[in-house]
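This report describes the packing of one protein chain. Please look at the sequence and the structure before reading on.

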Amino acid sequence: MAGVPQEVTEDILSRLPAKSILRFKSASKTWYSLISENHTFAKFHLKQSSESKNLIFYQCPAYGDIFKSSDVYTYESRIIKFPVEIDTPCRLIGSANGLICVASCKTEDCCFIWNPCTDECKRISVPFPSAGCRLFGFGHDSILDDYKIIGAWDSHLGIFSLKTNSWKTLEYSCGMTAFKYASAVTAVHSDGALYWYVGAQITAFDLAREKILVLDLPEEINDFGYYNSSWVPLFDYQGLLCVSWRKSIWVMKEYGNSNSWAKLTTSLPYEYAKPVGISRLGEVIFCTVDGFVKSDLQGRMHGDDKSRMRRYVDAFMYKESLISPKCFDPKG
C-alpha cells in the first residue's frame, strides 16, 4: 500500500478482525510497529470493531489450564493453551477489552494478564496469598485508561494498576464489611465497576473513583436471594449490570441506582439458570461443562438441546483485540 496516507492505512486495518490484522505484522517494520506496539492504534481498533462481544471464554474443567473460546453465532470453538507453565492450577478472574486475568489457585502468589488473541502475557506478583483471597476482580478504568486487578483478603483490599505496574492496599472500612462473608467469589465487570453478590446484596467497586457501593437486589428477589447465593448470578449486557433469579432477568438502567432495576424477561428456560450474557440478537447465553447453549427472551432454546444444561462453569463474554498487557511497560 505504498503511497497510501498513514491515517488511511490505519482506518482500513482498524476495520478488520484482530486475528486478520495480526497476519500483516510481517508486511513491514512500520506495520509491525503499528500492530504490535502502538497502544493508540489498538484502542482505535477496539472502538472501530463491533460493540457487541460475540465470543465466550471459559475454562475446560477436565483439562486444567486449557481454555476455550466459542463464537456464539457460528458455534465454532477453539482450545487455547495458557502460554505460561506454572506448577499449580489457575482460574479465570475476568475479562476486559480482550484481556483475560488468570490467578494461581494455590500457593504461587501471582496473577497473569493475558491476551489470548496475540498470546502476550504479563506476570504480576501478588502481595497477599491468592489462595486465601476472598474476592477477585479485573476490569477497565475507562477514565484513566487503566486495567485493574482487585483482591480482597482478611481485612484488606488490594488494587493493582497496570498503568503504574504497582499494588496499593486499603483497609476495610464502612461498606466493605460484606467482603468478609464472601468465599472465592469472582466479580462481574460492567459499566466501569466490578460487582460481587455477597451477603444478600451486591457490592460494587468503582474502578475510577476506587470507592465501594452497596446495592440492593430487585425488590422482588431481595427477600429471597440470600438463601442460595450461587443462584443469583450477575452479568453484563451492553455495559449495564444484569441479575438473574429463577426464570427472570433484571437490568440496572442507571449506574449505582438500586431503584432503577427493570425486568427484561420472565421466561428463562430453567428455574435456576445462570446466564453468561446476552448477544446483540437478544439471545441469552449459558455456558456449561459441555459447551454453551442459547435461548431467546421467550425461553425458546436455539441450536442445541436442553439436556446439555446440566452444570455451569465460570465464563465471560469476550471480544478479541490488539490491546497488549504490556502496553504501559517502558519498553512494551
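Helix α1 passes helix α3 in a right-handed crossing. The model is a predicted one. Here α1 and α3, which spans residues 29-37, pack at an angle of about 55 degrees, with their axes 12 Å apart. An angle between 35 and 65 degrees counts as oblique, so α1 is oblique to α3. On the α1 side, the contact is made by Q6, T9, E10 and L13, and on the α3 side by T30, W31 and L34. Sorted by class, this contact of α1 with α3 has three nonpolar, three polar and one charged residues.

A further partner of α1 is helix α4. Helix α1 covers residues 6-14 and helix α4 residues 39-48, and the two pack at an angle of about 50 degrees with their axes 9 Å apart. That angle makes α1 oblique to α4. The crossing of α1 and α4 is right-handed. From α1, the residues E10, D11, L13 and S14 take part in the contact, and from α4, F41, F44, H45 and Q48. By class, the contact of α1 with α4 has three nonpolar, three polar and two charged residues.

| Helix pair | Angle between axes | Distance between axes |
|---|---|---|
| α1 and α3 | about 55 degrees | 12 Å |
| α1 and α4 | about 50 degrees | 9 Å |

F41 lies in helix α4. Is F41 buried or exposed? Its relative accessible area is 2%, and the cut-off for buried is under 20%, so F41 is buried. Leaving out residues up to four places away in sequence, F41 touches E10, L13, S14, L34 and L322. F41 and L13 are 28 residues apart in sequence, and their C-alpha atoms are 9.5 Å apart in space.

H45 also has its place in helix α4. With a relative accessible area of 1%, H45 is buried. Again leaving out residues up to four places away in sequence, H45 touches L13, S14, L16, P17, A18, I21 and L322.

Now consider the whole protein. It has five helices and 25 strands. Of its 332 residues, 51% count as buried. Among contacts with a separation of 6 or more, 49% come from residues 24 or more positions apart.

In soluble globular proteins, nonpolar side chains tend to be buried together. Which residues touch the most other members of the largest nonpolar core? They are W114, F138 and I149, in a core of 47 residues. The contacts of F138, not counting residues up to four places away in sequence, include I93, L99, I113, Y147, I149 and L194. They also include G94, S95, K148 and H189. A second, separate core has 18 residues, among them I202, A204, L215 and V232.

Two loop residues remain. Most residues other than glycine have a negative phi. N165 is not a glycine, yet its phi is positive, near 55 degrees. N165 sits in the loop between β10 (156-161) and β11 (166-171). Its relative accessible area is 45%, and N165 is partly exposed. E210, likewise not a glycine, has a positive phi of about 55 degrees. E210 is in the loop between β15 (201-206) and β16 (211-215). At 19% relative accessibility, under the 20% cut-off, E210 counts as buried.

Note on methods
Residues numbered from 1 in each chain as written. Predicted model: local features only at pLDDT ≥ 70, side-chain atom pairs only at ≥ 80, totals over all residues. Heavy atoms only, no water. Core = buried A, V, L, I, M, F, W, Y, C linked by side-chain atoms within 4.5 Å. Buried < 20%, exposed > 50% of the residue type's maximum accessible area, 1.4 Å probe, protein only. Contact = heavy atoms within 4.5 Å. Axes fitted to C-alpha atoms, helices over the stretch in contact; angles between N-to-C directions. Helix = DSSP H or I, 4+ residues; strand = E, 2+ residues; numbered from the N terminus. Parallel < 35°, antiparallel > 145°, perpendicular 65-115°, else oblique. Left-handed = near helix turned anticlockwise from the far one by under 90°. Nonpolar A, V, L, I, M, F, W, Y, C, P; charged D, E, K, R; others polar.
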